[in-house]
Structures are given as structure tokens and as C-alpha cells.
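Please keep the sequence and the 3D view open while reading.

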Amino acid sequence: MTGYDVIIAGGGPAGAAAATVLAGAGVSVLVLDKAEFPRDKLCAGLLTWKTVQTLTRVFGETAASLQALGVINHASDRYRIRHLHHELSGGKLFYPFHFVERRVFDAFCLERARAAGAEVRTGDAVAWADVATATVRTAQGREFTGRHLIGADGAMSRVRAHCGVDTPRWRAEMGMGLEVYLPRSWLAGRTGLHEDVTADFPTIYSGFIDAGYCWSFPHRDRVIVGICGLYHGKPARMIRDCLDEFLAFLGLPKDHGLPVRAHPLPYGNWLSRPSFGRTLLAGDAAGLVEPFFGEGIHYALRTGEMAGRACLAAIRQGVDPAAAYQADLEREIFPELTWAKHLRNLLYWFMRSGMILPVRAFLGGGGTKLQELVHGMRSFRLLRKLR
Ligand SMILES: Cc1cc2nc3c(=O)[nH]c(=O)nc-3n(C[C@H](O)[C@H](O)[C@H](O)COP(=O)(O)OP(=O)(O)OC[C@H]3O[C@@H](n4cnc5c(N)ncnc54)[C@H](O)[C@@H]3O)c2cc1C
């Protein structure tokens, strides 16, 4: 058995942010990830302004430096929102959306944690955890104990499985995302494609799924098209049928032959108290994803950072890490998730009732305020300006 100050299960954005904060402060950290890096993670890779702010604070990089490093592969200062083929809103953005390939982005973040001094062991999954004593055992039979454990092992977290919280509510609001990557080489010369597929800015779509949405996001080397949403216990085939309808709308042939991949997405099922014994859960492992757009990279980085700071305060000042983490979440994260869910439920209700005009009025009339909302300068709570 080997001891560390903090053990982190999962080296995605949440785990890498927590590890960078802790190791950078001189604390001994072990990150365990089941995958060998670089590894893929199903994602559309869109970064908002608030995500870039967190990247700057945790890793010291700006959008410009991340572009120069090749981590950001595309930026777009326009957007469009459609309901089926009707345009609801669109135009110029005052701050661009940035796009990352997760294979590159996640490897970069984890490398930063390693450079800060974290020990990183990849290719060995956490198979069992005792959250009361911050002890984990891996699939290869190694056992590690920390003073604290951070569960940052994603939507299907093994650490969370040992917290006894996968309740019917958790399962009911677990969404699903499906994506198809369209390589630019594959798109070249194809006819019959919808104009959105070749646009160099992102478009999102309502109308193809009841409680969710579709997207077409441009990256340098490919276009990512996909769907996410709640499936309310319906067979996975039904969300696949919605995706097929969307792909046909985009002019993609039925026999496109490209892989369709799926990954669970927490979609409104965040844990209101994600601490258990000596363990804190962060990112997808705690369901901390904004439940309107399904934005999770920012929330993973930010809650990983918060969990890391809470453990640091516990080690340095003897404060209760669960209380410190909870206070941060209640101040900054939970209000946004709660109000995002209210807004989502309201808009989806209008859409399901066929009342598109109020939605168009909200999206079209929102202008800069809506952009500020998405980027994190305004709150989902009545569009109030945030600090
Ligand atoms: C289809 C889709 C599209 C999305 N698009 C966007 C988007 O455009 N923008 C956005 O902001 N968010 C998006 N998201 C959400 C975003 O991908 C997640 O919220 C984010 O990846 C969460 O980060 P994380 O670090 O919590 O978890 P993850 O990124 O899932 O990382 C978890 C890590 O834990 C490791 N792990 C898992 N199990 C174990 C184990 N037992 N032992 C050790 N390691 C383990 C995994 O290998 C992985 O490296 C999307 C999600 C989906 C499904």
C-alpha cells in the first residue's frame, strides 16, 4: 500500500485541473487513469469564454497561446440556431467559440499536471474505492491510500459507484450524446450536403429530439455532428433514430459508413452534496454539467480546481474539505445549473407545444445578452450580469 496526500481517479479535465492546483502547491498527488494518453473522449469540443478563463487561471494559457500550441484548432466568431430548417437566431459573436480535439486537449491538460509535479499512472483503472478512508484498488491489483480522494472519473465513475448515489433520479436524468465525425477529406467533393455542414461556424438545432438538441460544429480537420438529450428510459435506438433523421436533414447518405459513437452525458442530475467521507467528486462524476447546452468542460475544469483547492486548504489549514467545496459549489455552480435547468424546461415545453414564436423572440431578442449568458458573463438567473 502506497500513501499520497491526494489520489485523483481520472485524468480528464476535472482530474487534470485538480492535480495541477495541488501538485503546483507542492502537495503529493497521484492521478490514476484507466486509459493510455493521448486518448479520445466523445465530445464536440466547444470552449466558451468562461472555459478559457479557467484554463488561463489553472494552466496559465490564453486562447492565443493555446492556438499557437495547436491545442485550439479552430475559432469561430459567428453562430446560428435553427428549429428544423427555420433560422431562429444567428450572427456575429463578440467573443469567439474555440474548438479543441479532446485527444489533444486532454493530453495537454494531463501533461501540465505532470509538469506541475503530479505522479500520473495511466492504463490502470480504479476498480474499487473506500471513500471513507480515501483508498483505491486498481484493476491490476495495486492499492493506494491518500489523505483525500477526488473522484474525477467521468459520467460512469467507479468512485461514485462506491458512494451509493446512483438513485432512480440520477439514472432518469442521465442523458446520452451521439456523434459522427466527418473528416474534411471525406466531405471534399461531396454533393447534396446542407450548407451548415460546410459553414465555418457552429449551428445548433432544436426539433429533432424532445428534450435535447443537435449540432454541427466545425473543427480544422473535421466537422462534428451530433445529438444529445434525455431519453427517459426509452431504448437507445430511439435517440439513434432522431440522429438518423438529423443526418438525413444535413444531406448525409444513409450508408455514410462513418462510426456513430455514444457516451453518457449528465443532463440535470448533479449531486447536491458530492462529498463522501474523505472523498470529493468533481466534473461528470458528480453530474456537474450545465443542463441546457450540456456544456461540461468548463464545469469539469472549474469543479476540479475547486476540489483541488478544498483539499489543499484541508492539508494546509486543517479546514473541512467537504464544507469548503460545498460552499464554492453553492456560491458559483449550483445556482447556474438550477436556473439553466429552469430555462431549458421552459423552452423545451414551448417547443413541444409547437410554440416556436416565443422561443424565436427570446433567442432573437436576447442579442448580446444571450451571448454573454452562453459565455458565462451573465447568469442563467434572469440574465443578471456576473462579476
Ligand atoms: C457527445 C458529447 C458532446 C459534448 N460536447 C461538449 C462540448 O462541446 N463542450 C463542452 O464543454 N462539453 C461537452 N461535452 C461534455 C464534456 O465532454 C464532459 O462534461 C467533460 O469531458 C467532463 O470532464 P471530466 O474530466 O469530468 O470527465 P471525462 O472527460 O470523462 O474524464 C474522465 C477520465 O476518467 C477516466 N476513467 C474513467 N473510469 C475510470 C476508472 N475506473 N479508473 C481510472 N480512470 C477512469 C477516463 O479514462 C477519463 O480520462 C460533451 C459530452 C458528450 C457526451
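The sections below go through the domains, the ligand shell, the helix packing, the sheet and the loops.

## Model and domains

The model is predicted. Two domains make up the protein. Domain 1 takes in 2-76 + 95-167 + 269-375, and domain 2 covers 169-266. Their centres, taken over C-alpha atoms, are 24 Å apart.

The domains touch. On one side, 24 residues of domain 1 take part; on the other, 28 residues of domain 2. Strand 4 (72-83), strand 5 (86-100) and helix 11 each give two or more residues to the domain 1 side. That side holds 12 nonpolar, 8 polar and 4 charged residues.

## The ligand shell

Where does the ligand lie relative to domain 1 and domain 2? It lies between them, because both domains give residues to the shell around it. The shell counts 39 residues. Gly10, Gly12, Gly177, Gly283 and Gly296 come nearest to the ligand.

Several elements each supply at least two shell residues. The helices are helix 1 (13-24) and helix 10. The strands are strand 2 (29-33), strand 10 (174-183), strand 13 (222-229) and strand 14 (261-266). By class, the shell divides into 18 nonpolar, 13 polar and 8 charged residues.

## Helix packing

Helix 10 (residues 297-317) packs against helix 1, which also supplies shell residues. The two axes come within 7 Å and cross at roughly 35°. The crossing is right-handed. From helix 1, the contact uses Pro13, Ala14, Gly15, Ala17, Ala18, Val21 and Leu22. Helix 10 answers with residues including Ile297, Ala300, Leu301, Gly304, Gly308 and Leu312. This contact has 12 nonpolar, 4 polar and 2 charged residues.

Helix 10 also meets helix 11 (residues 321-352). Here the angle is about 145°, and the axes are 8 Å apart. This crossing is right-handed too. Tyr299, Thr303, Met306, Ala307, Ala310, Cys311, Ala313 and Ala314 come from helix 10. Pro321, Ala324, Tyr325, Asp328, Leu329 and Ile333 come from helix 11. The contact divides into 12 nonpolar, 1 polar and 1 charged.

In what order do the 8 strands of the open sheet run? The order is 3-5-4-11-12-13-10-14, with mixed pairing. Strand 3 (46-47) and strand 14 are the edges, and each pairs on one side only. Helix 12 (residues 356-375) lies across strand 4 and strand 5, at about 20° to strand 5.

Strand 4 runs parallel to strand 11 (residues 203-206), with 4 bridges between them. Arg82 faces Tyr205 of strand 11 in this pairing. Strand 11 then pairs with strand 12 (residues 212-218) in the antiparallel sense, over 3 bridges. Ile204 stands opposite Trp215 of strand 12. Strand 11 and strand 12 form a hairpin with 5 residues between them. Gly207, in the turn, has a positive phi of about 100°.

At the other end of the order, strand 10 and strand 14 are antiparallel and share 6 bridges. Leu178 has Ala262 of strand 14 as its bridge partner. Both strand 10 and strand 14 also supply residues to the ligand shell.

## A second hairpin

Strand 7 (residues 126-130) and strand 8 (residues 135-138) run antiparallel and are joined by 4 bridges. Ala129 is paired with Val136 of strand 8. The two strands form a hairpin, with 4 residues between them. Which residue in the turn has a positive phi? Ala134 does, at about 55°.

## Backbone exceptions in loops

Most residues other than glycine have a negative phi, and most peptide bonds are trans. Two loops hold exceptions, as follows.

The peptide bond from Phe37 to Pro38 is cis, with omega near 0°. Pro38 sits in the loop between strand 2 and strand 3. Leu84 has a positive phi, near 50°. Leu84 belongs to the loop between strand 4 and strand 5.

Methods:
Residues numbered from 1 in each chain as written. Predicted model: local features only at pLDDT ≥ 70, side-chain atom pairs only at ≥ 80, totals over all residues. Axes fitted to C-alpha atoms, helices over the stretch in contact; angles between N-to-C directions. Left-handed = near helix turned anticlockwise from the far one by under 90°. Contact = placed C-beta atoms within 7 Å. Nonpolar A, V, L, I, M, F, W, Y, C, P; charged D, E, K, R; others polar. Near = placed C-beta within 6 Å. Domains from an automatic or database assignment. Pairing = 2+ DSSP bridges.
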